[in-house]
Amino acid sequence: MLSVTEKMHVLIGEDDEVLQQVYIKKFTMAGYSIQVAGTGEDLLDALDDKAPNILILDVTLPVLDGFSVLKKLPKKRPFPVVILTSTRDSKKKKKGKELGVDDYLIKGEVTIGNLLEIVNKLTK
């Protein structure tokens, strides 16, 4: 349980610098603590430093892709995982579900407001 002063910590794996800035701004404005990692390797390092309340993950991260990151995490994670990607491949969506993701979202089909709602729902 979080204390009154502790913010929900969101970790996002996203290599697009413009989207990184959008996520930082919007999640911070919504009252979240946010950390962004631009590669799968950086994401794993960030997970070693501090466990998030939720992980938002792009499939197409450089160095180590999102699926490789998921495979390195324990099957029973103490936090939900949402894939947020531009990849509309049903095989990749199935693979994500097999790896235990809580939701698979397509960037062009979800607004930042929708994403915040999903994060709120999954972290309650």
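Which side chain meets that of Glu-109 in a salt bridge? The side chain of Arg-88 does, at 3.0 Å from N to O, a salt bridge being a side-chain nitrogen of Lys or Arg within 4 Å of a carboxyl oxygen of Asp or Glu.

## Basis of the model

This is a predicted model, in which local features need pLDDT of at least 70 and side-chain atom pairs count only at pLDDT 80 or more, while totals for chains, interfaces and linings use all residues. Residues are numbered from 1 along each chain as its sequence is written, and side-chain values use heavy atoms, with hydrogens and water left out.

## Salt bridges

The count comes to 3 salt bridges. Glu-109 is exposed, with a relative accessible area of 56%, and Arg-88 is likewise exposed at 57% (buried means under 20% relative accessible area, exposed over 50%, partly exposed in between, with a 1.4 Å probe and protein chains only).

Glu-14, Asp-58 and Lys-107 are linked in a network of salt bridges.

## Aromatic pair

A search of the whole structure finds 1 aromatic pair. Phe-27 and Tyr-32 form this pair edge-to-face, with 5.5 Å centre to centre and 65° between the planes (ring centres of Phe, Tyr and Trp, the last by its six-membered ring, must lie within 6.5 Å; planes under 30 degrees apart count as stacked, over 60 as edge-to-face and the rest as tilted). Phe-27 counts as buried at 0% relative accessibility, as does Tyr-32 at 7%.
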